[in-house]
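Colleague: I'm new to this one and would like to learn how to read it. Could you walk me through it, a feature at a time?

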Amino acid sequence: MIHLRWWPMHADPQDVLYARFKAAIAAAFPDAPDADPMIAESRSAEHGDYQCNAAMPLAKRIKSNPREVAKLLVSKVDLSDIAEPLTEASIAGPGFINIRLRPEALATMLGAMDAPGLGVAPAAPALRVVVDLMGVNLSKQMHVGHLRSPVIGDAIARTLERLGHSVIRQNHVGDWGLPIAMVTARLQRLAAMGKINLDRLTLDDLDRAYRDAQAECQRDSAGLAAAQRFGLGPKALAELEEQVAGATEAFLSARETLIRLQQKEPATFAIWQRIADVTMKVCLDTCRRLHVNVTSEHSAGESSYADELTPMVAELQARGIAEPDQGALVVRLDDPAYGSIKEPCLVRKTDGGYLYATTDIAAVRRRVQKFHADRVIYVIDARQNLHLRQVFGASQRAGYAINPVTKAPALLEHAAFGSVLGEDGKPFKTRSGESVKLADLIQETVDRSRAAVMSRSPELSGDEAAAIAEGVGITALKYADLCNDRQRDYVFSFDRMLAFEGNTGPYLLYALVRIRSIFRKAAERGVDDAWMSTTLSIVEPAEKSLALRLLKYPSTLGQVATHLEPHRLCQYLYDLAGAFSVFFDRCPVLQAEPAVREARLRLCDLTARVLADGLAVLGLPAPERM
RNA sequence: GUGCCCGUAGCUCAACUGGAUAGAGCGUCGGCCUCCGAAGCCGAAGGUUGCAGGUUCGACUCCUGCCGGGCACGCCA
């Protein structure tokens, strides 16, 4: 019989069982050596800890009885060192093989996991991954709609980094095009008239200027046409004509400004730069406050692609990839190789201008050709799905998505997420229908968090409480977002995210803080650190389920990385915190006799480290106490 | 009209991507602090997984058709 030795790096029982059953299948069924062992965690404790579900598909494949197949597997597989002996009673239902791990084996595997890396093996091969996780627009206040992308994107980026991949974050700043030119033109005019001081600009000023500029340029020609059609009086018509003339004037001025910007004409460019500085300062401050790892070095604005567009589109046209259509230039994508997309991707307008798709194609090109990305992840609103599929298809058709080093196609993925809804199920807005400023949202979360912390822990000083409330609030806010399946819309609720109980950020922090408290108490009572080198032992059921949960950590990170779903890690941490809470309830640590105490201290320490690591991977700050 | 996403306990969400009796939290009811932090633990009640078919040993999961909701569909970004 083939006996695969597992080595200490493999702390995950599922991996070990996989290898053992793989060997058993090869030995028992030479005709089907490639069959999947199908090892899964058991749902309920009655069915053991793990189960092998390979017998059913295997039986079908070789046209045999599943229970007979299971019997043969049970007789061939060698689990003597890790599991309780398998018998016919281990076979249940149509052919499930139930496995109960031996406590000593769990202790050994935990020991293997108890290393700085917590059992997480570095990815092989390590990939280069670009994560597009933010796209603020210059001159616009950040609002709720800007929350999910950096929160989810940063969690994904951190997960990939934790697994040893090389991650390049990208903040795809909307800093170019006619809208920005409109604001620039307006500010230039206001400054010239002395109505605004450019040195003292705030984002609120800019936000107002943005709206005014939009309105100014759009005062609408549609309205004039309607007025003429409905035969309004000459006076009304004259007023409207005047408005439209004004709008046209503002519009033309914006276009001229755009041209001056493209030429980097100093006076105009300086104003644009000022707008960028003011906006980005607020954006990056917000990221810092949210514990989102996005800094100035991750900024890759649309403006940085501006000079590449003309030559790129010319090339696409020359190669016949882009073709004229009704005066515009499009890339057709109806071929299955490019996604079978009926709607062609528009890359140049009739007036010669470019679109955001054009910039996004240039971005794929830079990310793969220059940064050598193996994988590019777009953490963007689900509504952009068609747009992104078009960009991906066009980039693939152009050959821009082939990694120049590996010659393999880069994986282009849209990690789509749903909208933030209010408790009424409609898009989250203020009572007056305005969009909620992100800064206000964060502040309100932290304020509520402070009230909660102060009522729970009145002994804390004001400063301490404030510092803790900040971290707890940020964790609550981000966790509420991360713990749902990204794809779905989610309902925003201050009350729920900061709830004292249930699946929330504070619950996880509370579990961690309680463990840390044990160690503080231990130090106070003069308990030495002999536990660090003690032998782990798993005896009580609560210890066992905690151990089983701990051992799932590395594979959970792997799942998050492949599916780009941080909520799996949230669920894991919630289960881990739950398993710890039960352990905490049933298994006294400091009061136990020394040998037991030491083993439990080590188990607590490992739990704390996994919890802390998981929280860090999600980008959630954790306090020492709360 | 076409395409994408979603529909699971009263509410908010899971379900290891085809596995056993669909799980948590909130809310409701009932227990547990002279004992390491009760933001905790234990128990009870609550389901025809939108509907109808199909695929198979086995379906919340895959396929088809309906119903209901959201979103997107060339010269805005």
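Modeller: Happy to. Let's begin with a cut-off: a residue counts as buried when its relative accessible area is under 20%, as exposed when over 50%, and as partly exposed in between. Keep in mind that this is a predicted model.

Colleague: How does that work for F580, buried or exposed?

Modeller: F580 has a relative accessible area of 0%, so F580 is buried. F584 has a value of 33%, so F584 is partly exposed.

Colleague: Now the rings. How many aromatic pairs are there?

Modeller: Two rings pair if their centres lie within 6.5 Å, and planes under 30 degrees apart are stacked, over 60 edge-to-face, the rest tilted. The count comes to 10 aromatic pairs. F580 and F584 show how the rule works: their ring centres are 5.8 Å apart and their planes meet at 45°, so this pair is tilted. Elsewhere, W176, F269 and W272 are linked into a cluster by ring pairs.

Colleague: Which charged residue lies over the face of Y400?

Modeller: That's R365, at 5.4 Å from the ring centre. Next in the numbering, R366 has its charged end over the ring of Y305, 3.8 Å from the centre.

Colleague: Can we zoom out? What does the secondary structure of chain A come to?

Modeller: Chain A has 21 helices and 13 strands. Its C-alpha trace spans about 95 × 65 × 45 Å along the principal axes. Of the 626 residues in chain A, 49% are buried.

Colleague: How should I read contacts along the sequence?

Modeller: Look at how far apart the partners are in the numbering. Among contacts in chain A between residues at least 6 apart, 74% join residues at least 24 apart. Take T445 in helix α14, residues 438–456. Leaving out residues up to four places away in sequence, T445 touches G473, L477, F494, M497 and L498. T445 is also buried, with a relative accessible area of 1%.

Colleague: Which peptide bond is cis, with omega near 0°?

Modeller: The one from A124 to P125. P125 is in the loop between α4 and β5.

Colleague: Last one: how do I read a positive phi?

Modeller: Check whether the residue is a glycine. L564 isn't a glycine either, and has a positive phi of about 55°. K63 lies in the loop between α2 (55–61) and α3 (66–76), while L564 is in the loop between α19 (553–563) and α20.

Colleague: And K63, buried or exposed?

Modeller: K63 has a relative accessible area of 76%, so K63 is exposed. L564, at 3% relative accessibility, counts as buried.

Methods: Residues are numbered from 1 along each chain as its sequence is written. Chains are lettered from A and ligands numbered from 1 in the order in which they are written. This is a predicted model: local features need pLDDT of at least 70, side-chain atom pairs count only at pLDDT 80 or more; totals for chains, interfaces and linings use all residues. Side-chain values use heavy atoms; hydrogens and water are left out. Helices (H or I, at least four residues) and strands (E, at least two) are DSSP runs, numbered from the N terminus. Buried means under 20% relative accessible area, exposed over 50%, partly exposed in between (1.4 Å probe, protein chains only). Contact means heavy atoms within 4.5 Å. Rings of Phe, Tyr and Trp (its six-membered ring) pair if their centres lie within 6.5 Å; planes under 30 degrees apart count as stacked, over 60 as edge-to-face and the rest as tilted. A charge sits over a ring if NZ of Lys or CZ of Arg is within 6 Å of the ring centre and within 35 degrees of the ring normal.
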